[in-house]
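Student: I have a new structure to look at. Can you walk me through it?

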Amino acid sequence: MARSFSMRGVQGAADRAVQHARTWLLETEPGSRVHDVQSDPRFQHRGVDLLWELPTGEVRGIEVKGDRNATRRRYFFELVSNLEKDTPGCFLYSGADLLVYVFLSQGELHVMPLKAVRDWFLPRAKEYTLKHAFTQTGAIRYTTVGAVVPTRDVVEGVPRVLKIPLKRSTPLATQEVAALDSPPTTALTEGGGEASAEQATARAAEATTSPKKKARRKQPARQARSTGSNTAE
């Protein structure tokens, strides 16, 4: 059965996936820089979301995908981005060096050499089921088509696929830096709210606390909020 999504939900998942990818890239190469080029038309048609500028000066293109499915251990390789307009999917045309696929609900990040994965997939594409997904943005509804591929098949068939557990939270300061960072000029000219489970549990506990106890705990709670570290998922 085809699945339907709202643009708001899709964008929210994409933003979280990009933040996780950015954090991993910076931690993997200390001293490197990550530039968000999702809104840059010079990279949109190349299927590149981030530029990873290494300390050596090398710049790599990164494509990021976020998956919200809580149980799926399969990749969704986008083959047609808009069926109504007959536009190819990012998996087929992206010029990125790496595909960072983030399983948000499962807390896992996979890093794949995109060209190697594409070269492995295309000769055996008919072996995998195609799925349709519908996205609603205002009055416009469009269809995306992709192949559903078990992660195990890719890991066994393509060398250098990494699987990294996600950290439970990402420092807010990192998000603020991401918003301020801009792409390097040389690379550009030469070149691609829901509450967490913990929050829900805390709110349920507050609801069952007697008014008297809540009054006694009100001031310490306010102090804790003002002195604790800021984190965001």
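Tutor: Here are some notes on its cores and charged pairs. The model is predicted, so local features need pLDDT of at least 70, side-chain atom pairs count only at pLDDT 80 or more, and totals for chains, interfaces and linings use all residues. Residues are numbered from 1 along each chain as its sequence is written, and side-chain values use heavy atoms, with hydrogens and water left out.

Student: Which residues touch the most other members in the largest nonpolar core?

Tutor: Y75, F77, M112, F121, V149 and V154 do, in a core of 23 residues. Such a core is a set of buried Ala, Val, Leu, Ile, Met, Phe, Trp, Tyr and Cys residues joined through side-chain atoms within 4.5 Å. Buried means under 20% relative accessible area, exposed over 50%, partly exposed in between (1.4 Å probe, protein chains only).

Student: What gives the most to this core?

Tutor: Helix α4 does, with four residues. Helices (H or I, at least four residues) and strands (E, at least two) are DSSP runs, numbered from the N terminus.

Student: New topic. How many salt bridges are there?

Tutor: The count is six, taking a side-chain nitrogen of Lys or Arg within 4 Å of a carboxyl oxygen of Asp or Glu. One of them joins E27 and K167, at 2.8 Å from N to O. E27 is in helix α1 and K167 in the loop between β11 and β12, 140 residues apart.

Student: Is K167 buried or exposed?

Tutor: K167 counts as exposed because its relative accessibility is 53%. E27, at 44%, is partly exposed.
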